[in-house]
Amino acid sequence: MRINRYLARCGVASRRKAETLVRDGRVTKNGEIVRELSTTVEEADRICVDGEMVSLLSERLLLAYHKPRGLVCSHHDPFGAPLIYEQLPQNKGLFSIGRLDRDTEGLLLITNDGNLGHRVAHPSTETEKEYITVLDRPFTITDAETLTRGIQVDGTLMRMDAVQYYVANANDALWERVLPAWPPSVAPSCVVRVVLHEGHKREIRRLFRALHYRVRRLIRVRIGRIILGDLLPGAYRPLDGKEEI
């Protein structure tokens with residue numbers, strides 16, 4: 001099989017990120033650096049990434065993980081910030097499908113299946129993501145039309161699929177208890193539910209900032225059909241195929 005597919009099936013990275021590893025000269029085949037994406041791998045070949053041998057995974061994992069605020073979605077941080085992988089199973093080749101920034105919390109999908117990660121993260125899937133957002137001032141419902149129509153932010157048109165005042169539903173049992181705790185004394189008009197499918201960096205924060213709101217808290221509660229539910233911060237659960245992305 002081609003080198004990028006092999007690395008993905010080893011859980012090293014998605015196919016696209018595996019291509020970058022190859023181009024950057026970080027992959028060797030039988031001791032020789034490979035840079036050609038057309039390189040193929042046979043069963044007897046010895047493949048290393050950054051000097052460490054990799055092999056095909058025997059166990060496919062897909063986890064729903066509740067990322068707490070303050071953690072970084074990386075395997076290493078030069079400034080010593082706490083990492084999400086310190087709370088996850090070790091030596092399983094895990095990586096996150098997409099990211100949440102350090103100040104954002106909530107549902108994050110974790111896998112060791114590079115093919116799955118690439119498929120879910122690819123923009124063509126248009127996977128819906130839902131967030132509960134706490135703003136620094138009451139949300140004006142007339143701004144909803146502006147946000148769903150779209151705003152030019154730093155030269156890029158960004159938009160939300162839906163934004164409305166927060167109304168609890170059956171999937172929000174945990175957040176009905178947690179939301180009032182921080183920040184304190186939140187007026188109901190400051191809490192909104194946001195749905196989008198695009199993946200621009202810090203998109204929700206940037207869109208609200210364009211309308212002079214500051215996001216005080218941002219919690220992702222759903223990716224596709226997978227919900228955060230009652231998963232506590234720092235905890236995770238395996239997805240067994242009954243929950244669809």
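Me: How many residues of helix 6 are buried?
Reply: This is a predicted model, and in it helix 6 (residues 203–210) is mostly covered, with 6 of its 8 residues buried.

Me: Which ones are they, the buried residues of helix 6?
Reply: They're Glu203, Ile204, Arg205, Arg206, Leu207 and Phe208.

Me: OK, new topic. Where does Ser74 lie?
Reply: Look in the loop between strand 5 (62–67) and strand 6 (95–97); that's where Ser74 is.

Me: Is Ser74 buried or exposed?
Reply: Ser74 is buried, because its relative accessible area is 16%, and the cut-off for buried is under 20%.

Me: What does Ser74 touch?
Reply: Leaving out residues up to four places away in sequence, Ser74 touches Leu83, Tyr85 and Arg99. There's also a polar atom of the Ser74 side chain that lies 2.6 Å from the backbone oxygen of His76.

Me: Where is Asn30 found?
Reply: Asn30 is in the loop between strand 1 (27–29) and strand 2 (32–33). Its relative accessible area is 44%, so Asn30 is partly exposed.

Me: What about Asp50, where is that found?
Reply: Asp50 is in the loop between strand 3 (47–49) and strand 4 (52–53). Its phi is positive, near 55°, and Asp50 counts as partly exposed at 48% relative accessibility.

Definitions and conventions: Residues numbered from 1 in each chain as written. Predicted model: local features only at pLDDT ≥ 70, side-chain atom pairs only at ≥ 80, totals over all residues. Heavy atoms only, no water. Helix = DSSP H or I, 4+ residues; strand = E, 2+ residues; numbered from the N terminus. Buried < 20%, exposed > 50% of the residue type's maximum accessible area, 1.4 Å probe, protein only. Polar contact = N/O pair within 3.5 Å; in protein donor to acceptor, adjacent residues only side chain to side chain. Contact = heavy atoms within 4.5 Å.
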